[in-house]
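Student: I would like to learn how to read a structure like this one. Please show it to me first.

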Amino acid sequence: MQIDGIIRRRLIVSAGAAAFASRIWFSSSARCVARFDSRDPPLTLAHFVQASAARQLWRTCLRTIKGLPDRATRKEMASWARHEFESHRHERDLEQIKYLIANGRKQLEIMAETLMRSGVR
């Protein structure tokens with residue numbers, strides 16, 4: 001029940017948006033319940049720190065991809081990066097999350113290095 005309150009508070013940003021937020025809340029409540037199973041352990045501060053690192057990696061990936069000159073290549077690389085992030089979206093194991101972020105940084109570094117060598121960037 002605590003999660004329901006958190007989600008509801010995030011949706012209701014202002015009094016004017018309350019009607020709109022309640023429509024969103026009731027239309028997506030089944031999805032929210034399925035995503036937050038009460039048997040899952042609660043998220044810790046370390047989870048939020050790693051989520052921040054993952055968002056930072058995502059933004060860095062998009063900035064790097066934005067520098068590609070060919071539009072089709074940009075689209076393909078963005079699609080690949082999105083797929084990689086989405087496939088691990090619900091990961092809860094902190095060690096696995098740390099590994100994925102480190103691996104993503106390494107792949108991004110290799111990609112940026114390859115782009116610099118090829119003269120693209």
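The dialogue below goes through the fold, the surface and an aromatic pair.

Tutor: Keep in mind that this is a predicted model.

Student: How many helices and strands are in the protein chain?

Tutor: Start with the list of elements. The protein chain has five helices and zero strands, and the order from the N terminus is α-α-α-α-α.

Student: What share of the contacts with a separation of 6 or more joins residues 24 or more positions apart?

Tutor: In the protein chain that share is 69%.

Student: Which residues form a nonpolar patch on the surface?

Tutor: The patch consists of L43, L45, F48 and V49, which together have about 410 Å² of accessible area. One of them, V49, lies in helix 3, residues 45-66. V49 has a relative accessible area of 46%, so it counts as partly exposed.

Student: How many aromatic pairs are there?

Tutor: The count is one aromatic pair. W58 and F85 form it, edge-to-face, at 5.0 Å centre to centre with 70° between the planes. The pair links distant parts of the chain, as W58 is in helix 3 and F85 is in helix 4 (residues 71-87), 27 residues apart.

Note on methods: Residues are numbered from 1 along each chain as its sequence is written. This is a predicted model: local features need pLDDT of at least 70, side-chain atom pairs count only at pLDDT 80 or more; totals for chains, interfaces and linings use all residues. Side-chain values use heavy atoms; hydrogens and water are left out. Patches are made of residues with over 30% relative accessible area and no salt bridge: like charges are joined within 9 Å, nonpolar side chains (Val, Leu, Ile, Met, Phe, Trp, Tyr) within 5 Å. Accessible areas come from the Shrake-Rupley method with a 1.4 Å probe; for residues, only the protein chains shown count as cover. A salt bridge is a side-chain nitrogen of Lys or Arg within 4 Å of a carboxyl oxygen of Asp or Glu. Helices (H or I, at least four residues) and strands (E, at least two) are DSSP runs, numbered from the N terminus. Buried means under 20% relative accessible area, exposed over 50%, partly exposed in between (1.4 Å probe, protein chains only). Rings of Phe, Tyr and Trp (its six-membered ring) pair if their centres lie within 6.5 Å; planes under 30 degrees apart count as stacked, over 60 as edge-to-face and the rest as tilted. Contact means heavy atoms within 4.5 Å.
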